[in-house]
Amino acid sequence: MIFADAIAWLLDPVNWSGAKSIPVRVGVHLLYCLGAVLGASLIAVPLGLYIGHTGRGGVLLVGSSNALRALPTLGLVTFLYLVMNGVQTVSVLIALVVLAVPPILAGTYAGIQDVDRGVVDAARGMGMTGSQRLWRVELPNALPLLVGGLRNATLQVVATASVAAYVGIETLGRPLLDGLRVLDYAQVVGGAVLIALLAVGLDLLLALAGKLVIPRGLRLAAETRRRVKPVEEAEVVDVV
Amino acid sequence: MGDIAKYLGDAGTRSALLTMLLDHIYLSLVPLVISVVLAVVLGLACHRFRWVNTVLVSVSNVLYTIPSLALFVIIPAVIGTSVLAPVNVVIALTLYTTTLLVRPVAEALAAVPDHVRAAATAMGFRPWRRFLTVELPLAVPVLAAGVRVGSVSNISLVSVGALIGTGGLGVLFTDGFRQRYLAPIIVGIVLTMVLALVVDLILVVLRNALTPWTKAGRS
């Protein structure tokens with residue numbers, strides 16, 4: 001059975017030591033993912049906050065961010081690799097940042113856009129300046145969607161970092177490509193399982209971090225809304 | 001630029017490009033069409049039976065963490081097709097796109113107001129006719145939004161198939177990389193993005209044609 005073979009590959013001590021061992025590849029994979037998500041956040045979060053806060057450039061943003069999603073990562077990696085004369089690290093990082101920007105940007109922008117206008121107006125009525133409104137009202141209210149965007153971006157980057165192995169980086173894509181060349185499915189499935197575990201682990205971590213940073217008031221509001229909603233709908237039906 | 005002109009100047013290259021483009025369209029759009037049908041059926045099941053929803057949510061969460069490259073090669077090992085068969089890519093992308101579409105479809109069906117459903121029933125619509133002519137059309141805007149995301153991501157994912165030797169525009173990337181030749185890579189990136197853009201425009205036109213009432217609301 002192929003999955004039994006994959007588990008055997010995963011547990012084989014030979015794969016757990018040396019420069020091409022599983023721990024090294026997991027580490028490299030993680031480093032690239034962290035770098036890409038951090039880099040993309042540095043670009044996408046301020047941009048999303050600015051556009052969401054000022055309401056300027058939303059249409060342009062949606063269009064260009066959709067165009068970015070259509071950029072094939074494999075094409076971008078090989079292109080940058082050749083343009084930069086074989087500097088793998090930078091070419092892979094840039095390609096992964098490009099991949100991670102659209103979901104984070106969309107999450108941040110949608111988060112700010114979705115903030116109840118009444119809440120923002122109330123903040124203005126209380127005499128808050130533009131930046132106070134942004135940092136103390138809009139940003140905390142936007143956090144659930146912003147964290148959602150970060151989780152999406154992380155999932156995509158973790159899955160796609162395997163493509164980096166094609167230009168010679170020791171990510172978890174290596175066992176996929178190596179196994180494919182010699183038709184050793186145990187290696188391929190083993191590598192895929194590792195990537196999936198990594199993705200699930202990071203997603204859980206981010207979900208937990210999201211729980212910690214999202215203000216308690218927001219969670220209470222969401223729960224009350226959920227509890228109240230069915231009653232409202234029932235009333236509508238009654239009236240009809 | 002001169003390189004690209006020289007590359008495109010060769011008639012053999014141009015006909016090869018056309019084959020790749022057609023392969024790419026086939027590999028990315030066939031899964032999209034199958035997924036729409038599957039997602040509507042599964043979305044309906046989700047909407048009617050709670051347990052289907054629970055199962056699908058957990059399956060899709062796991063499926064999304066499996067890298068496309070891995071799925072492309074695991075599928076032949078599981079169902080016994082040849083490694084190089086394009087059908088692997090079609091199955092993998094169908095799986096991704098269906099999971100992407102099911103949840104929004106189920107939510108859109110659940111969001112159809114009860115009084116609309118009640119009105120259709122009162123007018124004598126039987127459940128199937130009500131579903132096909134009232135509930136499903138009302139879910140089209142949400143479905144269309146999902147299909148647009150799915151088409152863009154399929155078109156960009158098919159390129160990865162080149163690493164396992166299926167056709168499509170991704171072959172330009174692996175060829176260019178092997179020969180250290182930039183022109184095919186640039187042509188491949190441009191063609192992929194143009195294809196995504198054109199398909200997206202077609203989808204927008206299709207959505208507007210299928211939902212004439214949204215235009216009436218806007219004007």
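Trainee: At what angle do helix α2 (residues 11–48) of chain B and helix α7 (residues 127–158) of chain B pack, and how far apart are their axes?

Mentor: Two packed helices are described by the angle between their axes and by the distance between those axes. In this structure, which is a predicted model, α2(B) and α7(B) pack at an angle of about 150 degrees, and their axes are 10 Å apart. Because angles over 145 degrees count as roughly antiparallel, α2(B) is roughly antiparallel to α7(B).

Trainee: Which hand does the crossing of α2(B) and α7(B) have, and which residues make the contact?

Mentor: The crossing of α2(B) and α7(B) is right-handed. On the α2(B) side the contact residues include His24(B), Leu27(B), Pro31(B) and Val40(B), while α7(B) contributes, among others, Leu136(B), Gly150(B), Asn154(B) and Val158(B). Sorted by class, this contact of α2(B) with α7(B) holds 9 nonpolar and 6 polar residues, with no charged residues.

Trainee: How should I read the packing of helix α3 (residues 50–63) of chain B and helix α5 (residues 86–110) of chain B?

Mentor: Take the angle and the distance again: α3(B) and α5(B) pack at about 140 degrees, with 10 Å between their axes. These two helices are therefore oblique to each other, and their crossing is left-handed. Asn53(B), Leu56(B), Ser60(B) and Leu63(B) of α3(B) make the contact with Leu95(B), Thr99(B), Val102(B) and Ala106(B) of α5(B). By class, the contact of α3(B) with α5(B) has 5 nonpolar and 3 polar residues, and no charged residues.

Trainee: How many residues of chain A are in contact with chain B, and which element of chain A gives the most to that side?

Mentor: An interface can be read by counting residues, then by asking where they sit and to which class they belong. Here 35 residues of chain A are in contact with 35 residues of chain B. The elements of chain A that give two or more residues to this side are α3 (58–70), α4 (73–83), α7 (130–160), α8 (173–181), α9 (185–213) and α10 (216–239), and α9(A) gives the most, with 9 residues. By class, the side of chain A that touches chain B has 26 nonpolar, 7 polar and 2 charged residues.

Trainee: Which residues of chain A does the UniProt annotation "transmembrane region" cover?

Mentor: An annotation comes from a record, and it can be set beside the model. The unreviewed UniProt entry gives "transmembrane region" for residues 30–52, 58–83, 90–112 and 185–209 of chain A. In the model, residues 30–52 of chain A are 100% helix and 0% strand, with the end C-alpha atoms 31 Å apart. Residues 90–112 of chain A are likewise 100% helix and 0% strand, and their end C-alpha atoms lie 32 Å apart.

Terms used:
Residues are numbered from 1 along each chain as its sequence is written. Chains are lettered from A and ligands numbered from 1 in the order in which they are written. This is a predicted model: local features need pLDDT of at least 70, side-chain atom pairs count only at pLDDT 80 or more; totals for chains, interfaces and linings use all residues. Two residues are in contact if their C-beta atoms, placed from the backbone, lie within 7 Å. Helices (H or I, at least four residues) and strands (E, at least two) are DSSP runs, numbered from the N terminus. Ala, Val, Leu, Ile, Met, Phe, Trp, Tyr, Cys and Pro count as nonpolar, Asp, Glu, Lys and Arg as charged, and the others, Gly among them, as polar. UniProt positions are given in the numbering used here, feature names are shortened, and annotations may be inferred rather than shown by experiment. Axes are lines fitted to C-alpha atoms, for helices over the stretch in contact, and angles run from 0 to 180 degrees between N-to-C directions. Angles under 35 degrees count as roughly parallel, over 145 as roughly antiparallel, 65 to 115 as roughly perpendicular and the rest as oblique. A crossing is left-handed if the near helix is turned anticlockwise from the far one by less than a right angle, and right-handed if clockwise.
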